[in-house]
Amino acid sequence: IILNQEPWSGRTLAMNSFAAKGNATEMVVNLLEQKDEMLGRNTLLAGRFLRDASSQAPWRMKVMAALVELIKSDKPIALRMQAVASITLSEDPAGALLFRQLMQLSDKDLRRMAILASGAIRDVKSADQIISLIGDYNPQVRHSACLALVAIGTPQTLEAVARALMR
């Protein structure tokens, strides 16, 4: 019944509460099946549930897969970055691994989003990979790498940024 209502804040809060405390599999599956090709609102809404839901929720992987599909799409970068933010805020360990994999792709936007997300979650395991991207051909990727390394904040990452600034 709640999915049939027009979007409003009470609906969103109720759905988020249900996803956090109950078995929301049917609700999430129905939400993901209602395609919004233009803005991906249902995918992003389901992505917001990840932060409060149990790490064992059976629907988590469906939502993560839908978010990854949105991230890899040709939609506007702002929309794709919202999907990255959902994964980042979920604090799911799979997110760090996903971002490390995305950094290896040739698409500069995917690399930038993955670098910034790795910095946001302070993924120390990605530090060497991000340090290598300071020398990327794309200035936006280099800038994102410096921001992420400062956010990670280890002596190794800060030293790498200092070296890059002195070049």
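Analyst: Start at Asn16. Leaving aside residues up to four places away in sequence, Asn16 touches Arg48, Phe49 and Asp52; contact means heavy atoms within 4.5 Å. Asn16 itself sits in helix H1, residues 9–21. Helices are DSSP runs of H or I with at least four residues, strands are E runs of at least two, and both are numbered from the N terminus. Arg48 is 32 residues from Asn16 in sequence, yet their C-alpha atoms are 7.7 Å apart in space.

A note on the basis. This is a predicted model, where local features need pLDDT of at least 70, side-chain atom pairs count only at pLDDT 80 or more, and totals for chains, interfaces and linings use all residues. Numbering runs from 1 along each chain as its sequence is written, and side-chain values use heavy atoms, with hydrogens and water left out.

Now follow Phe49. A search of the whole structure turns up one aromatic pair. Phe49 and Trp59 form that pair, edge-to-face, with 6.5 Å between centres and 90° between planes. Ring centres must lie within 6.5 Å (Trp by its six-membered ring); planes under 30 degrees apart are stacked, over 60 edge-to-face, the rest tilted. The two partners are ten residues apart: Phe49 belongs to helix H3 (residues 41–49), and Trp59 to the loop between H3 and H4.

Phe49 is buried at 1% relative accessible area. Trp59 is buried too, with a value of 1%. Buried means under 20%, exposed over 50% and partly exposed in between, using a 1.4 Å probe and protein chains only. What surrounds Trp59? Beyond residues up to four places away, Trp59 touches Ala19, Ala24, Thr25, Val28, Ala46, Phe49, Leu50 and Ala53.

The largest nonpolar core has 46 residues, and Val28, Phe49 and Trp59 touch the most other members. Such a core joins buried Ala, Val, Leu, Ile, Met, Phe, Trp, Tyr and Cys residues through side-chain atoms within 4.5 Å. Helix H4 gives this core its largest share, six residues.

H4 leads on to helix H7. The buried residues of H7 pack against H4 (60–71), H5 (77–90), H6 (93–102), H8 (127–132) and H9 (139–152). Those buried residues are Asp109, Leu110, Arg111, Met113, Ala114, Ile115, Ala117, Ser118 and Gly119. H7 covers residues 108–120. Its 13 residues reach 18 Å from first to last C-alpha, close to the 18 Å expected at 1.5 Å a residue; the expected span is 1.5 Å times one less than the number of residues. Just past H7, Arg122 takes a positive phi of about 55°.

Ser126 comes next, in the loop between H7 and H8. Apart from residues up to four places away, its contacts are Arg100, Met103, Ser118 and Ile152. Ser118 is also among the buried residues of H7.

Step back to the whole. The protein has ten helices and zero strands. Along the sequence, the pattern reads α-α-α-α-α-α-α-α-α-α. Its C-alpha atoms fill a box of roughly 60 × 30 × 25 Å along the principal axes. Of the 167 residues, 46% are buried. Among contacts between residues at least 6 apart in sequence, 54% join residues at least 24 apart. The Asn16 and Arg48 contact spans 32 residues.
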